[in-house]
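These are my notes from a first pass through the structure. I went topic by topic and wrote down what I looked up.

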Amino acid sequence: MATAGKLLVVDDERNILVSLSRALELENYEVVTARNVAEARHQLRAAAPDLCLFDVKLPDGDGLTLLETMQDDPDRPPVIVMSGHGTIDDAVRALQLGAVDYLEKPIGQDRLLLTVANTLERSRLRAENAELKAQLPLEDRTIIGRSKVIEALKAQIDRVAVSEGRVLITGDNGTGKELIAHAIHAASRRSAHPFVSLNCAAVPAELIESELFGHEKGAFTGAVSKKIGKFERADGGTLFLDEVGDMPANMQAKLLRVLQTGELERVGGNQTFKVDVRVLAATNKDLPEEIAAGRFREDLYYRLNVVPLRSPPLRDRREDIPLLVERFLADVATRNQRRAPTLTAGALALLASHDYPGNVRELRNLVERIVILAPPHQDVLDEADIRDFVPTRRPDSPVGYEPGKRLSELVADAERAIVVAALRAHNDVVADTARALGVERSNFHKKLKALGLK
Ligand SMILES: Nc1ncnc2c1ncn2[C@@H]1O[C@H](COP(=O)(O)OP(=O)(O)OP(=O)(O)O)[C@@H](O)[C@H]1O
Ligand SMILES: [Mg+2]
C-alpha cells in the first residue's frame, strides 16, 4: 500500500523519536529517524523525505543550522521545527530560515498530525503547480514580421549578436525593444548563460545600486543578508538595462565606472571583482535630447551606444499587421481557453488602417479585447463585428468646406482621401480595396485615374 508520505524525524531523545514515529506510522506515514546532525544529513540524501521534523538542540549541532544549509537546495523538502525550550527567538529564526512551521514540545498528537498533513498538502500543490508551469510552452519570443524594415532589423540582430559590442536599442513604446534584447542574447554565444534584466524606471532610485551591484550583509539598514546583484547574476551572459534613460544621475556615474573598468564591488563591500557581462540597453527617450537637457551623461551614452538599433513603429510596417494579428489571436485564445476566431479580410484591413501610437503592444491589447468581448460562438468576425473596438483614425487630410472650391472639387478631395486610406489599409492591392469599398473592379480603376491616383 502506498504510504501517505515519507517523513524524516530528527531528535536526540529516543523516547520522542519512538512516540512520534508510532503516532505517524499509525496514520500510514513512512518514518525514518536521525539522532544528530550527521545522521540527518545522511538521511536527507539517502531517504529523500517529503517532509522533515527537526529538533533545535542536537548533540553535534543545531537543527537551525541544518535548516540553513538546506536553503540553497531548490528541491528541499519542507521543514517543521520542534523545540522543547520554546523561545520565541528560535521560532522566529526557524521561520526566517525557511521552516514552514514550528511546533512546541510537548507536541500534542492532534496538532502534530494536522500540521504534517497540511504541510504535505501544501507542498504537493506547489509541486503540481510547478509541473503545470513547466508544461506550458515557453513564452514565444519570436520577432514576427516579413516587412522590409523587420527583415533588416533581424539581419542587424544576427550581425550584432555574434559581436560582443554593447547595443543601445531605441524606439517608441511597445515596438518590441525588449524582444530585440532577448533575440540578441539568444543568437549570441552567451545564450546558454543568464539573461538578466533591470528596468531602471521601475526600481526606486535608492535601490538601483544594490540591485545592480548587490550588497554585503549590514551594508545599510534593512540589509539583513548578503545580496547578489544583477551584474554578478548575469556573469557569462547578458545584462539588459531597460529604460536606461530613466537612470538617476548618481547611478549613471557608477554604471559608467563599471563599464570602463569591468570591475565592481557590492554596496558596503571592500572587495573589487570582475564580471564577464555583455550590456544591452534600451530607451524610448531621445538620449541626445536628454544629454542636451543635462539629464543624461554624454560619456555614458557613448559607452552604451556602440551599436545603435532602432525598433520601428508599427505604422511603418503595416504589412506585418495581419501576421501579428494571427499570432495574437492564437495566443489569446489559448490563454482564455477558447477557439481563436477568424477575421475576414475586411476586418483585417480595418485593423491595419489604425495608426497604433502604442505600437505592437496596443495591437496585442486590441486583439485581446476582441477575442474576449466577441460573441462566444461566432467563429468568423467581420468589419462590423470589430468596428467598435478599433479607435477611429484621423483622416489623412482635413475634409471640409474650403472657400474658393466648388462642391465637385471638395467631394473629389474627400473621395481621394478615402481611397488613399483604403488602399493603404489593403497594402495597395487594388482588387482587395475595390472589393472592400464595394466598387466593381474596372470602375475602381477608372475612379483611380479620375482622382489622379494612377
Ligand atoms: N515583432 C514582434 N513580434 C511579436 N511580438 C511583438 C513584436 N514586437 C513587439 N511584440 C510584443 O509587443 C509587446 C511589447 O513589446 P516590448 O515589451 O518588447 O516593447 P518595448 O519596446 O520594450 O516597449 P516599452 O518601451 O513600452 O517598454 C510584447 O508583448 C511583445 O511580445
Ligand atoms: Mg520595454
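**Salt bridges**

I began with R387 and E383, whose side chains meet in a salt bridge, 3.4 Å from N to O. The model is predicted, so I read the distance as a computed one. I then looked up how open the two partners are. R387 counts as partly exposed because its relative accessibility is 44%. E383 is partly exposed as well, with a relative accessible area of 29%.

Next I looked up K447. It forms a salt bridge with E415, and the closest N and O atoms are 3.0 Å apart. This pair links distant parts of the chain: K447 sits in helix α19 and E415 in helix α17, 32 residues apart. K447 has 32% relative accessibility, so it counts as partly exposed. E415 is partly exposed too, at 28%.

K105 lies in the loop between β7 (101–104) and α5 (109–135), while D55 lies in strand β3 (residues 51–55), so the pair ties together parts that are 50 residues apart in sequence. Are these two buried or exposed? K105 is buried, with a relative accessible area of 16%. D55 is buried at 6% relative accessibility. The cut-off for buried is under 20%.

I also found a network of salt bridges that links E164, R189, R190 and D276. A search of the whole structure gives 25 salt bridges. Side chains of opposite charge can pair when their charged atoms come close.

**Disulfides**

How many disulfides are there? I noted a count of 0. C52 counts as buried because its relative accessibility is 0%. C200 is buried as well, with a relative accessible area of 2%.

**The cores**

I turned to the largest nonpolar core, which has 30 residues. Which of its residues touch the most other members? They are L212, F231, L239, L241 and L304. The elements that give two or more residues to this core are β9 (195–199), α8 (205–213), β12 (238–242), α10 (249–261), β15 (278–283), α11 (287–292) and α12 (298–304). The most comes from α10, which gives 5 residues.

In soluble globular proteins, nonpolar side chains tend to be buried together.

I went back to L239 for its contacts. Leaving out residues up to four places away in sequence, L239 touches V196, L212, K230, F231, A234, V277, R278, V279 and L280.

In helix α7 (residues 177–186), I listed K177, I180, A181, H182, I184 and H185 as buried. What covers them? The cover includes α6 (148–162), β8 (167–171), β9, β12, β15 and β16 (307–311).

In α8, the buried residues are I208, S210, E211, L212 and F213. G214 follows α8, and its phi is positive, near 80°.

**I370**

I370 lies in helix α15 (residues 359–373). It is buried, with a relative accessible area of 1%. What does I370 touch, beyond residues up to four places away in sequence? I found L351, L381, I386 and F389. I also looked up its separation from G214.

**Toward the end of my list**

I looked up R441, which lies in helix α19 (residues 441–450). R441 touches A431 and A434, not counting residues up to four places away in sequence. R441 and V430 are 11 residues apart in sequence, and their C-alpha atoms are 8.0 Å apart.

My last entry is a surface patch. I418, L437 and V439 form a nonpolar patch there, with about 230 Å² of accessible area together. I418 lies in helix α17 (residues 407–425). It counts as exposed because its relative accessibility is 52%.

Notes. Residues numbered from 1 in each chain as written. Chains lettered and ligands numbered in written order. Predicted model: local features only at pLDDT ≥ 70, side-chain atom pairs only at ≥ 80, totals over all residues. Heavy atoms only, no water. Patch = residues over 30% accessible without salt bridge, like charges linked within 9 Å, V, L, I, M, F, W, Y side chains within 5 Å. Areas by Shrake-Rupley, 256 points an atom, 1.4 Å probe, with all protein chains shown as cover. Salt bridge = Lys/Arg side-chain N within 4 Å of Asp/Glu carboxyl O. Helix = DSSP H or I, 4+ residues; strand = E, 2+ residues; numbered from the N terminus. Buried < 20%, exposed > 50% of the residue type's maximum accessible area, 1.4 Å probe, protein only. Disulfide = S-S within 2.5 Å. Contact = heavy atoms within 4.5 Å. Core = buried A, V, L, I, M, F, W, Y, C linked by side-chain atoms within 4.5 Å.
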